Amino acid sequence: MTAPAKVSIDLGTRAGGDTAVLDLEELLATRLLVQGNSGSGKSHLLRRLLEQSAPWVQQAIIDPEGDFVTLADRYGHVVVDAQRGEADLQRIAARVRQHRVSVVLNLEGLDAEQQMRAAAAFLGGLFDADRDVWYPVLVVVDEAQLFAPTAAGEVSDEARKVSLGAMTNLMSRGRKRGLAGVIATQRLAKLAKNVAAEASNFLMGRTFLDIDMARAADLLGMERRQAEMFRDLQSGHFIALGPALARRPLPIHIGPVETSARSTSPKLVPLPEPAAAEDAHDLIFMPGADEVRPLVPRRPPAVAPTADVLAQLARSGPPAPPPPAAPQVPALSPEQRQAAIDSALREILSERDAGFRTISVLYQDFLVRCRIHRISGEALSLSAFRRRLAVAHAGIDAAEAEAEDSPWAEVLAMAGTLPEDMQGVFLSLARAAFDHRTCPSDADVARAYGSRSPGRARRLLAYMEERQVIVCRLDSQGRRIVAIPGLAWETEPGDPNAATSASATEATPAD
């Protein structure tokens, strides 16, 4: 039985005229680093690689300048506008892997920190996809030094850590998840070394700075005195090395492409015929017919002496009566205030998409509803709102939960040992166990957490069991039972793989 033929793509020509091929399957296992100064042909190389491999493998392109959106017309890539919330980008990335759609994440128009956060969220969504959809994906990151910098620079240290962590996951741990990183940079010295070191294939183009030439020579296993050759490379010429390219440094010339970027290199254009001095003066200083004339600021009036102002007021007669006061809103009693807060929480939870909205968005919605209910002052802080929302979502009476002799006080103390985003899920499980309802399925747990991933739900339950706030076991039919340690509460057996469970349909917020 013969082995299947390798999938090789044509990058261009080698020295001597032979075809320069790249083993695509080997690239998926070993990753690629492309380096070249501006004008070296680095983006042209990436476009050639993407066009040649488009029929063979799914692609996801992190595009900071919007240059690769033109692939959509020719090869069917879907353009994802990065001006979205981070949670939305994560969900889109998960669906990209599920449906195996090639995409371009367009980061154009965002500032540096927003680009880092958006790219990190999208890469995180690709990385956290369920094991069932770990199909091969070629993940191309242009201008990688922006997302994995050696220093934070003008962006916050938090944004740098998030972005650098996503890039490190892509290059070091992405292979097992089917993610093959292809990163391109103008400056090797500005790219984090732990990200560059994960690549096994290299395409080094023209560069001029000594520090970048030295790093390129080190990565290719060349002597320092040979590094000068990178300064003499022409645009579109690269030195290739790696298991997917060549076993020894090999000069190659990148072939033509079928699509073009929206932005092109500057070209010299002839100047218009010189105008007379008077005409040139009018062209510069006289506004055109279609221009809006700027408003000329008026000179502020002279300030009159205080004595003159007082004398004028004395001559003007008695002052006008003040406007009628706004009607006073009666203050709510503590019981009425709590009832109004509970009503606002129930209104939020009654919306179908409440479970998939971020806590900050829900909190802003809550503050608006408090004004509608005429709740004066700050109704709840953000942390208190998160806790009350979790209690209400689980269907626990707020007054009963605050009573010292109530068993719910112990349950709330156990919830306090978990991260805030997990407390609502734990309280929902505790409520189902208290009511002896059917154990929620993985889909129910994921929905309570604000996710659609059953795999994430299973990891969440395993984490809670490690923290000893729940105990999970299976009955003889493979149905799951969840118990609360220290209390005689446990759910009825339920199918963990069910689309939904009776527990999810019976649970309602507390009145």
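1. Helices (H or I, at least four residues) and strands (E, at least two) are DSSP runs, numbered from the N terminus. Helix α16 covers residues 420-434, and Q423 lies in this helix. The protein as a whole has 19 helices and 14 strands.

2. This is a predicted model, in which local features need pLDDT of at least 70 and side-chain atom pairs count only at pLDDT 80 or more, while totals for chains, interfaces and linings use all residues. Residues are numbered from 1 along each chain as its sequence is written, and side-chain values use heavy atoms, with hydrogens and water left out.

3. Burial and contacts over the chain. Buried means under 20% relative accessible area, exposed over 50%, and partly exposed in between (1.4 Å probe, protein chains only). Of the 511 residues, 43% count as buried. A contact means heavy atoms within 4.5 Å. Among contacts with a separation of 6 or more, 69% come from residues 24 or more positions apart.

4. Q423. This residue counts as buried because its relative accessibility is 10%. Not counting residues up to four places away in sequence, Q423 touches R387, A390, A415, G416 and L418. R387 is 36 residues from Q423 along the chain, and their C-alpha atoms are separated by 7.8 Å.

5. Helix α15. In this helix (residues 407-415), the buried residues include W408, V411, L412, M414 and A415. Why are they on the same side of α15? They cover an arc of only 155° around the axis, the arc being that of the directions from the helix axis to the C-beta atoms.

6. Helices α4 and α5. Axes are lines fitted to C-alpha atoms, for helices over the stretch in contact, and angles run from 0 to 180 degrees between N-to-C directions. The axes of α4 (residues 86-99) and α5 come within 7 Å and cross at roughly 35°. Their crossing is right-handed; that is the term if the near helix is turned clockwise from the far one by less than a right angle, and left-handed is the term if anticlockwise. On the α4 side the contact is made by E86, L89, Q90, I92, A93, A94, V96 and R97, and on the α5 side by R117, A118, A121, F122, G125 and L126. By class, this contact has 9 nonpolar, 2 polar and 3 charged residues. Here Ala, Val, Leu, Ile, Met, Phe, Trp, Tyr, Cys and Pro count as nonpolar, Asp, Glu, Lys and Arg as charged, and the others, Gly among them, as polar.

7. Helices α5 and α6. Helix α5 (residues 112-127) also packs with α6 (residues 157-173), at an angle of about 35° and with the axes 9 Å apart. This crossing is left-handed. Among the residues in contact are M116, A120 and F127 of α5 and V162, A166 and L170 of α6.

8. Nonpolar cores. A nonpolar core is a set of buried Ala, Val, Leu, Ile, Met, Phe, Trp, Tyr and Cys residues joined through side-chain atoms within 4.5 Å. The largest has 52 residues, and F122 and F230 have the most contacts inside it. Helix α5 gives the most to this core, with 8 residues. A second, separate core of 34 residues includes L45, F238, A244 and I254.

9. V80. Strand β5 (residues 78-81) holds V80. V80 counts as buried, at 7% relative accessibility. V103 is 23 residues from V80 in sequence and 6.8 Å away, C-alpha to C-alpha. Leaving out residues up to four places away in sequence, V80 touches L89, I92, V103, V104, L105 and N106.
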